[in-house]
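Hello,

Here is the structure we talked about. Please open it before you read on; my notes follow.

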Amino acid sequence: RTHASGAWVRHMHASAGRAGSSSVWSLRSITSNPVPYVMAFGLLGSGFYGYRMWQGPQLGSTRVYLDFEAGGVPVGRVVVGLYESRVPPTVVENFVGLATHKEGYGYRGSPVHQVVPGYCVMAGDITRGDGSGGASVFGPEFSARSPELRHTRGTVSMVVDDRSMMRSQFFITAMPMPRDMDKQMLACGRVVRGQEVVDQLTRLPADGDHRPRIPVRIVDSGVLPPEQS
């Protein structure tokens with residue numbers, strides 16, 4: 001037993017010695033020719049930054065759900081996370097309030113008025129249902145300054161009119177949008193679950209104006225409890 005213990009101690013000392021020698025060699029190699037290592041760290045940093053840009057801004061804790069049906073048949077649920085720390089608080093309050101019917105009206109029962117193949121789904125016109133109306137929880141409309149966040153695949157964005165006013169209309173993207181869209185509209189969140197539902201909606205039959213040929217609507221909406229988020 002003593003012999004085994006002594007052998008184990010000698011093994012550990014030997015390993016430590018080899019590790020120390022290896023560390024010294026690595027340090028010497030880095031200091032003698034640092035360029036490859038600087039380039040490697042630069043590439044890693046660029047990759048991480050690129051990933052964060054692709055992923056988008058950090059989401060808050062609120063999760064809004066939207067349940068869609070087409071022709072009376074359930075299509076599925078889309079769960080949306082919001083950029084709570086990056087967009088004006090009124091934008092978050094408006095979207096959440098419409099999803100929960102805080103003021104007695106909102107997204108439940110409202111139609112999807114446009115589906116553009118492989119591009120986006122447009123919804124949220126809770127007054128006219130054709131893309132010409134809408135209302136906010138603050139009244140007919142309100143204004144908010146856009147932080148010009150990037151519209152990538154799965155972005156949820158509020159429609160802003162030419163007077164920089166918004167109501168309840170929004171769209172969900174199926175692909176990255178042109179950069180001009182970042183200034184014209186207001187990206188307020190992104191899909192965290194159910195992007196396949198969005199893709200399925202974009203493939204529905206539509207007329208020349210991209211209006212669905214069958215009724216498509218949001219049958220239910222709200223905020224998920226924390227344990228389901």
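Which residues have the most contacts inside the largest nonpolar core? They are Phe68, Val91, Phe95, Tyr107 and Phe170, in a core of 50 residues. Helix H3 (residues 89-100) gives the most to this core, with six residues. A nonpolar core here is a set of buried Ala, Val, Leu, Ile, Met, Phe, Trp, Tyr and Cys residues joined through side-chain atoms within 4.5 Å. Buried means under 20% relative accessible area (1.4 Å probe, protein chains only). Helices (H or I, at least four residues) and strands (E, at least two) are DSSP runs, numbered from the N terminus.

A word on the source. This is a predicted model: local features need pLDDT of at least 70, side-chain atom pairs count only at pLDDT 80 or more, and totals for chains, interfaces and linings use all residues. Residues are numbered from 1 along each chain as its sequence is written, and side-chain values use heavy atoms, without hydrogens or water.

Now look at Val91. Its contacts (heavy atoms within 4.5 Å) include Met158, Leu186 and Cys188, leaving aside residues up to four places away in sequence.

Leu186 leads us to strand S8 (residues 186-193). Six of the eight residues of S8 are buried, so the rest of the structure largely encloses this strand. Strands pair if DSSP finds at least two bridges between them. S2 (residues 73-82) runs antiparallel to S8, with four bridges. Leu82 sits opposite Gly189. S6 (residues 155-160) is also antiparallel to S8, again with four bridges. There, Met158 is the bridge partner of Leu186.

Last, helix H5 (residues 195-202): six of its eight residues are buried. Among them are Val197, Val198 and Leu201.

Best wishes
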